[in-house]
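Please look over the structure shown here. The report on it covers confidence, aromatic pairs and backbone features.

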Amino acid sequence: VEAFSPISRLEQVLLSSIPPYDKDARTTSLWATPRGDSGGLFGRNSASKVRGGGGGFGSKKQPTTPQKKSSNDSAEAFGASTTLLEIDAVQLKVGPLRFLLQLFLSGDVMNRPTPKSWFIAQRGVDEVKGNTDKQSIEVYYQDGSGMVSIELEPTKITVNRVGVQPSLVYQLQESVLLHSVLDELTKVAFEQPEDSGDGPATPIDPSQRLLQLQNNNAIEEQRKKLPARAEPSA
C-alpha cells in the first residue's frame, strides 16, 4: 500500500492561486509589452506614466488621441525657410496646375545631375488633398540638406527653400531645378497649339489657361533672382 499524505489547507490555497498555463501566451516577447507602458518609440509617450495612464496594476489606460499633422511639419523638420520666387497671377487653377507640375517633376528633371537626385515627398503630396485654396509640392535633394517647396494659391505662386545649412551642391542643383520649373510655367502661361494640316490652330483663350499672369514678364523677372543658367556645352 502506497503511502498517502493529504494536502494541507495551505497547499490547496497556494495551488488554486496559480493561473492555468496558456501555450499561446507570448509573455517573453518584446512586442507583448503595451506601447503605453513602454513609453512608445523614442520615449514619445513616456509622459503617460507620470499622468497615471500607463495601464499598470489594473488601471484603465487612457485612449491616445491622434494629433493632426501640420502642413508645416516638413518645413519645421528642416528649419529655416527662405522665399526665393513669387509670381502673381490674375488666376491660377490650383489643383490642375499642381497635378501638371507633379508630372513634370516626376520626369527627367528628377534625375539631374544623377539618377534619383530629387524626390517628391509622398506625405507632403497627400496632406493637401481637399484643400482647393492652397496646395504645395515638396521636393527634396538626395543629400538631405534642403528642400524646395512650391506653394500654389488662386492668385500666387511662391517658391521657398527650406533648410538651415543647404549644401553648396544642393544650391547649385536647386538653381537648375527652378530654371526648369520656370520654363514649364512659361509654357503653361503662353504656349499656343501648333498649326495642323487642316489650317491654323485656334489660340487658347487666357481665361482657359491654368496660369494667367498679372504681368507677362513676371516669370522672367523672377528668373533674374536665380544664379545664371549654365550655357549648354557645344
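The sections below take these topics in turn.

## Confidence

This is a predicted model. The protein chain has an average pLDDT of 74, and 59% of the residues reach at least 70. Over residues 23-72 the pLDDT stays under 50. For residues 23-72 the model has 30 contacts beyond four places in sequence.

## Aromatic pairs

Four aromatic pairs turn up in a search of the whole structure. One of them joins Phe119 and Tyr140: the ring centres are 5.5 Å apart and the planes meet at 15°, so the pair counts as stacked; the cut-off for stacking is under 30 degrees. Phe119 belongs to strand E2 (residues 118-120) and Tyr140 to strand E3 (residues 135-141), so this pair ties together parts that are 21 residues apart in sequence.

The two residues can also be described by their accessibility. Phe119 is partly exposed, at a relative accessible area of 43%, whereas Tyr140 is buried, at 9%. Elsewhere, one aromatic cluster is formed by Trp118, Tyr141 and Tyr170.

Pro113 is found in the loop between helix H5 (94-105) and E2. The peptide bond leading from Arg112 to Pro113 is cis, and its omega is near 5°.

Lys116 is also placed in the loop between H5 and E2. Lys116 is not a glycine, yet its phi is positive, at about 60°. With a relative accessible area of 67%, Lys116 is exposed.

Conventions: Residues numbered from 1 in each chain as written. Predicted model: local features only at pLDDT ≥ 70, side-chain atom pairs only at ≥ 80, totals over all residues. Heavy atoms only, no water. pLDDT = per-residue confidence, 0-100. Contact = heavy atoms within 4.5 Å. Phe/Tyr/Trp six-rings, centres within 6.5 Å; stacked < 30°, edge-to-face > 60°. Helix = DSSP H or I, 4+ residues; strand = E, 2+ residues; numbered from the N terminus. Buried < 20%, exposed > 50% of the residue type's maximum accessible area, 1.4 Å probe, protein only.
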